[in-house]
Amino acid sequence: MVAPPPATTPTEAPTAPPSDQPTGSPSAGPSADPAATAAVTALQGALGAEHAAVYGYGVVGARLPEDQQRTDARTAYAAHEARRDAWQRLIGSLGATPAAAAAGYQLPFAVTDAAGATKLAAHLETRLTTVYADLVAAVPGPQRGAAADALRDCALRAHRWGAADPAFPGIPEPLPTPTATTP
């Protein structure tokens, strides 16, 4: 696994890591189908999120004791590497250049111990459920199954790491409906 970044402990969560934004050519040419362009853009977003997850699991694994949790972190790390590689191949097969990983990523909070590592793992997986819910909606039928599998896998891992279970993984909970008050 990747070692944690040296001597820096970020404390603020960014709105999105740098590689979550698509880079490279999202389409094969100027006259590309808008739906295909949207699908590639969504795939680039998923790829960027997987790059960030691979980095994050390097930090997670470095902060966990040598026990079942570290084994689970290694398994998740390998799963995210495999998913990242699959998205890179798919994006390339669609004629676009896959986004490269950033050299490092801002963590959403300091991770100094096993409890922080567990919290980061839950955060990574929960965030990925949102990315994959968007991907399911954006890609055509042939790729939708892989996106749905990724959504399910991340939702299950988020649960295992202690994240709350939303009714529809990847879809934010609705805001409370204001109630009318009588004078």
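Reply: What follows begins with the chain as a whole and then turns to the charged side chains. This is a predicted model, in which local features need pLDDT of at least 70 and side-chain atom pairs count only at pLDDT 80 or more, while totals for chains, interfaces and linings use all residues. Residues are numbered from 1 along each chain as its sequence is written, and side-chain values use heavy atoms, with hydrogens and water left out.

The protein chain has four helices and zero strands, where helices (H or I, at least four residues) and strands (E, at least two) are DSSP runs numbered from the N terminus. Of the 183 residues in the protein chain, 38% are buried; buried means under 20% relative accessible area, exposed means over 50%, and partly exposed lies in between, with a 1.4 Å probe and protein chains only.

Now to the salt bridges. A salt bridge is a side-chain nitrogen of Lys or Arg within 4 Å of a carboxyl oxygen of Asp or Glu, and by this rule the count comes to seven. One of them joins Arg74 to Glu66, with the closest N and O atoms 3.0 Å apart. Arg74 is partly exposed, at a relative accessible area of 38%, whereas Glu66 is exposed, at 57%.

Another salt bridge pairs Asp153 with Arg83, and here the closest N and O atoms are 2.7 Å apart. This pair links distant parts of the chain, since Asp153 lies in helix H4 (residues 141-160) and Arg83 in helix H2 (residues 68-93), 70 residues apart. Asp153 also meets the side chain of Arg152 in a salt bridge, at 3.1 Å from N to O, and Arg152 counts as partly exposed, with 44% relative accessibility. Taken together, Arg83, Asp149, Arg152 and Asp153 are linked in a network of salt bridges.

Helix H2, which holds Arg83, can also be placed beside helix H1 (residues 34-63), for the axes of H1 and H2 come within 9 Å and cross at roughly 155°. Axes here are lines fitted to C-alpha atoms, for helices over the stretch in contact, and angles run from 0 to 180 degrees between N-to-C directions; contact means heavy atoms within 4.5 Å. H1 and H2 are therefore roughly antiparallel to each other, on a scale where angles under 35 degrees count as roughly parallel, over 145 as roughly antiparallel, 65 to 115 as roughly perpendicular and the rest as oblique.
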